[in-house]
Amino acid sequence: MASSLTYFQGRELAIVTKHKKEEAIVPVFESKLGLNCRVESKIDTDQLGTFSGEIPRYLDQISAARKKCLLAFDFTDCDLVLSSEGSFGPHPSLFFIPSDFEVLFLIDKKNKWELKEFILSTDTNFASAEIKNENDLIKFAEKSGFPEHGLILKASNGGVNSILKDFSNLDELLTAFGSLAFKTDSIFVETDMRAMRNPTRMEVIKALANKMANRLLTSCEQCETPGFGFSRIVSGMPCSNCGNATRQALHEIHSCISCKHEKTISLIDSKGFADPQICEYCNP
Ligand SMILES: [Zn+2]
Ligand SMILES: [Zn+2]
């Protein structure tokens, strides 16, 4: 069976990014897969929406990442393109805890397959607040890891919005705050989530790049396409008390991204049964 290493060795990968995400991705993809990476920054990815809210994000995150790859094929002669998208907000199951959801999307035009990979991390400084005075701002800056992590100031006055960013030190931040405070009475600060201004986010992207590269190292046993791996969970672990199926995961299905080959990975451990606590019959 051909290994994934020979599949990618020496091929060119175009990474679509304007925000220096290649710093997190290139070392991983070059060392693990032997790809020659280059950055494709000609595409105006801001067309697809920006973090600071100047342009509303109109595509969902995975579609946006895929769209970036497809746009790139109009500009590059590379047949392998990778893009990345992130979003930030409350964690879907841990209430009030901020989270970073990152997507990587890879399209191999030559071999006609696509692979998406995600990560949901609570490792983020994502936050925003209304700022009444300099003290509030200094506290927020300390908590956010400023100046290594960027901050954005926003204010509106009579329908005119001001957005200020790229401060490199506290003096610049306070001066900008002073200039806004002069003409408006409500000012908001938020963490800058662009990768090059957010080292914590950069680390999450790096972890995701590792996850995707590791997946690409596993090939399908049937057609030898790389990227064989997790696709879905099948629930139904039997209850240890009554034997009925519960919502707990019973199997993982791993599948090929090119052909229809699948493998069932059993999650039945030594206990082999689910706790009656989560059984709808025993604990309705
Ligand atoms: Zn039961
Ligand atoms: Zn296959």
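**View 1. The buried side of α5.** The buried residues of α5 are L173, A176, F177 and L180. Looking down the axis of α5, these buried residues sit within an arc of 100°, so they line one face of the helix. That spacing makes sense: an α-helix has 3.6 residues a turn, so residues three or four places apart point the same way. Bear in mind that this is a predicted model.

View 2. Helix α5 covers residues 170–181, twelve residues in all. From first C-alpha to last, α5 reaches 16 Å, close to the 16 Å expected at 1.5 Å a residue. Turn to the other side of α5 and you'll find D171, T175 and G178 exposed.

**View 3. What α5 packs against.** The buried residues of α5 pack against one helix and several strands: α4 (134–144), plus β6 (128–131), β7 (151–157), β8 (160–164) and β9 (187–191).

**View 4. Strand β3, tucked in.** Strand β3 spans residues 80–90, and eight of its eleven residues are buried, so β3 is largely enclosed by the rest of the structure.

**View 5. β3 and its pairing strands.** Strand β1 (residues 12–16) runs parallel to β3, with three bridges joining the two. With strand β4 (residues 98–108), β3 pairs in the antiparallel sense, over eleven bridges.

Technical notes. Residues are numbered from 1 along each chain as its sequence is written. Chains are lettered from A and ligands numbered from 1 in the order in which they are written. This is a predicted model: local features need pLDDT of at least 70, side-chain atom pairs count only at pLDDT 80 or more; totals for chains, interfaces and linings use all residues. Helices (H or I, at least four residues) and strands (E, at least two) are DSSP runs, numbered from the N terminus. The expected span of a helix is 1.5 Å times one less than its number of residues. A residue is buried if 20 or more other C-beta atoms lie within 10 Å of its own, exposed if 12 or fewer, and partly exposed in between; C-beta atoms are placed from the backbone. The arc is that of the directions from the helix axis to the C-beta atoms. Two residues are in contact if their C-beta atoms, placed from the backbone, lie within 7 Å. Two strands pair if DSSP finds at least two bridges between them.
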